[in-house]
Amino acid sequence: MKGWTLVTGASGGIGLDMAEMFAEKGHNLILVARSEDKLKALAGTLKEKYKIEAEVIPCDLGVPRGAEALYKATQDKGFKVQVLVNNAGFGEMAPFAKMSAGRVKQMVQLNIATLVDLCHLYLQGMEEFEKGAGILNVASTAAFQPGPEMSLYYATKAFVLSFSEGLHEEMKPKGIHVSALCPGPTRTQFMAEAGIEDGAMFKLPIVLDSKPVARAGVNGFLRNKAIVVPGFGNRSLIFSLRLTPRSWVRCMVKSLHKTAVKSAEQ
């Protein structure tokens, strides 16, 4: 039985590139995001280029019960989801106390609650597949340290990493893959939306384009790697964090974010 690969946040950036790379490998796709026009254009391109099926489900996953609505839509259409790619998420460069209550709830909802709900809903059906089923969750190198001036975002990604690692071990005996993709700074629209495009972090040599990040994530998932960190610079940085006192790490991250916070407040 051949199932479908569902990609959330598929209208741009890493999500779009991962969708294309799964299409390149022959996967039929369910593309999910809020922007229906962008999804339809992408679906048309991928169907023509890779001769696969591509369906579009516009959906706002940043609201309560968004995951249930998406699951119902796929069930109503008779789609059997074999691979779930949880890419949808967002960040915001701002001290936690200055974030609006609505923004805080939305970030926790999309980055954590919806991701957990989708994993729980779709995992049940993945045992029907003999092989090739699994979940690819997009975390971040932010998951490996605290992030002053962006504390909530870093914490949500720490949750995604820990949750994915636990699921990886739980699902291994069943042959179901679970991987956490942990990109470092990546050139996507996320930079502008999070208000960090002017930050010092995005001037570092570790910044990557989205295509190599997406390719590392897809290939790592297919090999069932628990954690995928694209780029030698990012992997070296994470290793160095293990040797650095946490108090120093907090100060260094705050310093990197400081310029972006000042820019956003002007």
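Is Lys49 buried or exposed? Lys49 is exposed, with a relative accessible area of 52%; buried means under 20% relative accessible area, exposed over 50% and partly exposed in between (1.4 Å probe, protein chains only).

The model is predicted, so local features need pLDDT of at least 70 and side-chain atom pairs count only at pLDDT 80 or more, while totals for chains, interfaces and linings use all residues. Residues are numbered from 1 along each chain as its sequence is written, and side-chain values use heavy atoms, with hydrogens and water left out.

**View 1. The salt bridge of Glu20 and Lys49.** The closest N and O atoms of Glu20 and Lys49 are 3.1 Å apart (a salt bridge is a side-chain nitrogen of Lys or Arg within 4 Å of a carboxyl oxygen of Asp or Glu). Glu20 lies in helix H1 (residues 13–24) and Lys49 in helix H2 (residues 36–50), so the pair ties together parts that are 29 residues apart in sequence. Helices (H or I, at least four residues) and strands (E, at least two) are DSSP runs, numbered from the N terminus. Glu20 is buried, at 17% relative accessible area. A network of salt bridges links Asp17, Glu20, Lys49 and Lys211.

**View 2. The salt bridge of Lys40 and Glu36.** The N to O distance is 3.2 Å. Both residues lie in helix H2, four residues apart, about one turn of the helix. Glu36 is partly exposed, at 34% relative accessibility.

**View 3. The salt bridge of Glu92 and Arg103.** The closest N and O atoms of this pair are 2.6 Å apart. Arg103 is partly exposed, at 27% relative accessibility.
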